[in-house]
Amino acid sequence: MQVVLLTTTLILIVIAEIKLWHQKDTPKIIFYCILMLCAYGLSVLQMTETTIFNPSVLIETIISALQNDNSEGLR
Amino acid sequence: MKLEVLSEQQAISLMVLFISGSAVVLSIGGQAGGDIWLAVILSGLLALPIVTVYARLHSLYPHYDAFQIIIVIFGNTFGRLICLVYTWFAFHLGALVLRNFGEFIITVGLEETPQLFPVTLFALLCLWIVKEGIEVLGRWSNFFFRFAIIIVLITTALALPELNMDHFRPFLFNGIMPVLQGTANVFAFPFAQTIVLWLAFSGFQKRSSPYRIYWLGILMGTLVILIITTLVVAIIGVEIYKHSYFPAYIAIARLNIADFVQRLEIIVAIMFIISSFVKVSTCLLATCKGVAAITNFHDYRFTVTPITLLMISTSYFLFDDIMQMLFWAQDIWPIYAFPFQVILPIIVLIGGEYRAKSLKKQ
């Protein structure tokens, strides 16, 4: 249900940005669609609570390794 | 592409509100203990040479924005790579501030509301103002800057009877090291984050001096942060300041004047919402400009909607809980942000000076 809602919202947003389509600038439209698909994919992963790449954890691990510290912070 | 310019007053207002950002409510520089005021002053002074680097780059290349400057200096490939690094930094900072906002709302107010709901509404407003451009953001900041100053002054005046200056004594009790740690912490968050402002600014009006804008912005920002942190520590003491999630909110909630003036913590919430709106919008603007520069598009506006949605999703899965968020802000951020905030700007300045000299010779 949540995913259906999200899809509908995103389609509405794309329609709302109709000005973009009037410009007939193909590279711009393609890039816009790619970004929108990324946003959609990320939102679906977030809604389904799928564990994916987390930049905070990665950065934390790298910094801990650089500091030669094996502790995992608060976690 | 039309260069959007700001007046001196608008740029300074934007800078002060950006610096205030989440630093208004989160605990910063707690390591310095009772000498936190010294840590804030030192970090403000430390930020001056860094912002001078941005001002120098603006005056060397007055008709370009930051991403164009980087591409002009380092060429197409390496320049775009640096742009990519800075775009990530602005995007990540925006997501972090959005998360701070979400945690603040669900911790102090709407406990049962899903965090995504206030964050999405807030981000949609940021989307709107970024689509309107930096000139509108500048005018908005200039207007709300007055409210922010009035809020700080009123809060200070009302808090006077509650202040306990013993919290600051004895001076340098634990030596200079904790003060230096606190200085590094406050320097990284929020002062050196002004790099994102450099990325977002396109240019200034003809008579404006970038040096005056950056210096005055940092000095006024330091004053605001100094007043807020000193006030909070003087009311609740160092230990509660260090160990609470939102110390300013707790401190101002304690104010009670003759049982008549009370529940003033809403003032802190208003101040936080105003300043974090400016901060998220600036980060979003810088990210969109970065994406447009990397992909060689002349207009950044069409990327704002998808990038805002990406930022909302990223802010959601950055941290498991508020404890991890605060640990990150205090212990990880200063180390992670150092290359973006200090090393890269100095490299860009060296490259910029060299490039400007070689262009003059030609």
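**Note on the predicted two-chain model**

1. In helix 1 of chain B, the buried residues are B:Gln10, B:Ala11, B:Ile12, B:Ser13, B:Leu14, B:Met15, B:Val16, B:Leu17, B:Phe18, B:Ile19 and B:Ser20. The structure is a predicted model, and every value below is computed from it. Helix 1 of chain B spans residues 8-20 and is mostly covered, with eleven of its 13 residues buried. From first C-alpha to last, helix 1 of chain B reaches 18 Å, close to the 18 Å expected at 1.5 Å a residue.

2. What do the buried residues of helix 1 of chain B pack against? Two strands of chain B are on the list, strand 1 (5-6) and strand 2 (203-204). The helices of chain B on the list are helix 6 (134-159), helix 8 (195-200), helix 9 (210-236) and helix 12 (265-294).

3. The chain just beyond helix 1 of chain B deserves a look. B:Gly21, just after the helix, takes a positive phi of about 20 degrees. B:Ser22 lies in the loop between helix 1 and helix 2 of chain B. Is B:Ser22 buried or exposed? B:Ser22 has 25 other C-beta atoms within 10 Å, and the cut-off for a buried residue is 20 or more, so B:Ser22 is buried.

4. B:Leu98 is 76 residues away in sequence, yet its C-alpha is 9.5 Å from that of B:Ser22. Leaving aside residues up to four places away in sequence, B:Ser22 touches B:Val97, B:Asn100, B:Ser276 and B:Lys279.

5. Helix 2 (residues 36-60) of chain B packs with helix 14 of chain B at an angle of about 30 degrees, the axes being 10 Å apart. Angles under 35 degrees count as roughly parallel, and the two helices are therefore roughly parallel to each other. Helix 2 of chain B passes helix 14 of chain B in a left-handed crossing.

6. From helix 2 of chain B, that packing uses B:Ile50, B:Val53, B:Tyr54, B:Arg56, B:Leu57 and B:Leu60. They meet B:Val342, B:Pro345, B:Ile346, B:Val348, B:Leu349, B:Gly352 and B:Ala356 in helix 14 of chain B. By class, the contact of helix 2 with helix 14 of chain B has eleven nonpolar residues, one polar and one charged.

7. Helix 12 of chain B and helix 13 of chain B pack at about 125 degrees, with their axes 10 Å apart. That angle makes helix 12 of chain B oblique to helix 13 of chain B. The crossing of helix 12 and helix 13 of chain B is right-handed. Helix 12 of chain B contributes B:Leu284, B:Thr287, B:Cys288 and B:Val291, while helix 13 of chain B contributes B:Val304, B:Ile307, B:Thr308 and B:Met311. Six of the residues in the contact of helix 12 with helix 13 of chain B are nonpolar, two are polar and none is charged.

8. Chain A has four helices and zero strands, in the order α-α-α-α along the sequence. Of the 75 residues in chain A, 9% are buried.

9. The bond from B:Arg169 to B:Pro170 is cis, with omega near -5 degrees, and B:Pro170 is found in the loop between helix 6 and helix 7 (177-188) of chain B. The bond from B:Phe189 to B:Pro190 is also cis, with omega near 20 degrees. B:Pro190 is in the loop between helix 7 and helix 8 of chain B.

10. Positive phi values also turn up at residues other than glycine. B:Ala258 has a phi of about 55 degrees and lies in the loop between helix 11 (247-253) and helix 12 of chain B. B:Ala258 is exposed, with 6 other C-beta atoms within 10 Å. B:Asn296 has a positive phi of about 65 degrees and sits in the loop between helix 12 and helix 13 of chain B. With 10 C-beta neighbours inside 10 Å, B:Asn296 counts as exposed.

Key: Residues are numbered from 1 along each chain as its sequence is written. Chains are lettered from A and ligands numbered from 1 in the order in which they are written. This is a predicted model: local features need pLDDT of at least 70, side-chain atom pairs count only at pLDDT 80 or more; totals for chains, interfaces and linings use all residues. Axes are lines fitted to C-alpha atoms, for helices over the stretch in contact, and angles run from 0 to 180 degrees between N-to-C directions. Angles under 35 degrees count as roughly parallel, over 145 as roughly antiparallel, 65 to 115 as roughly perpendicular and the rest as oblique. A crossing is left-handed if the near helix is turned anticlockwise from the far one by less than a right angle, and right-handed if clockwise. Two residues are in contact if their C-beta atoms, placed from the backbone, lie within 7 Å. Ala, Val, Leu, Ile, Met, Phe, Trp, Tyr, Cys and Pro count as nonpolar, Asp, Glu, Lys and Arg as charged, and the others, Gly among them, as polar. A residue is buried if 20 or more other C-beta atoms lie within 10 Å of its own, exposed if 12 or fewer, and partly exposed in between; C-beta atoms are placed from the backbone. The expected span of a helix is 1.5 Å times one less than its number of residues.
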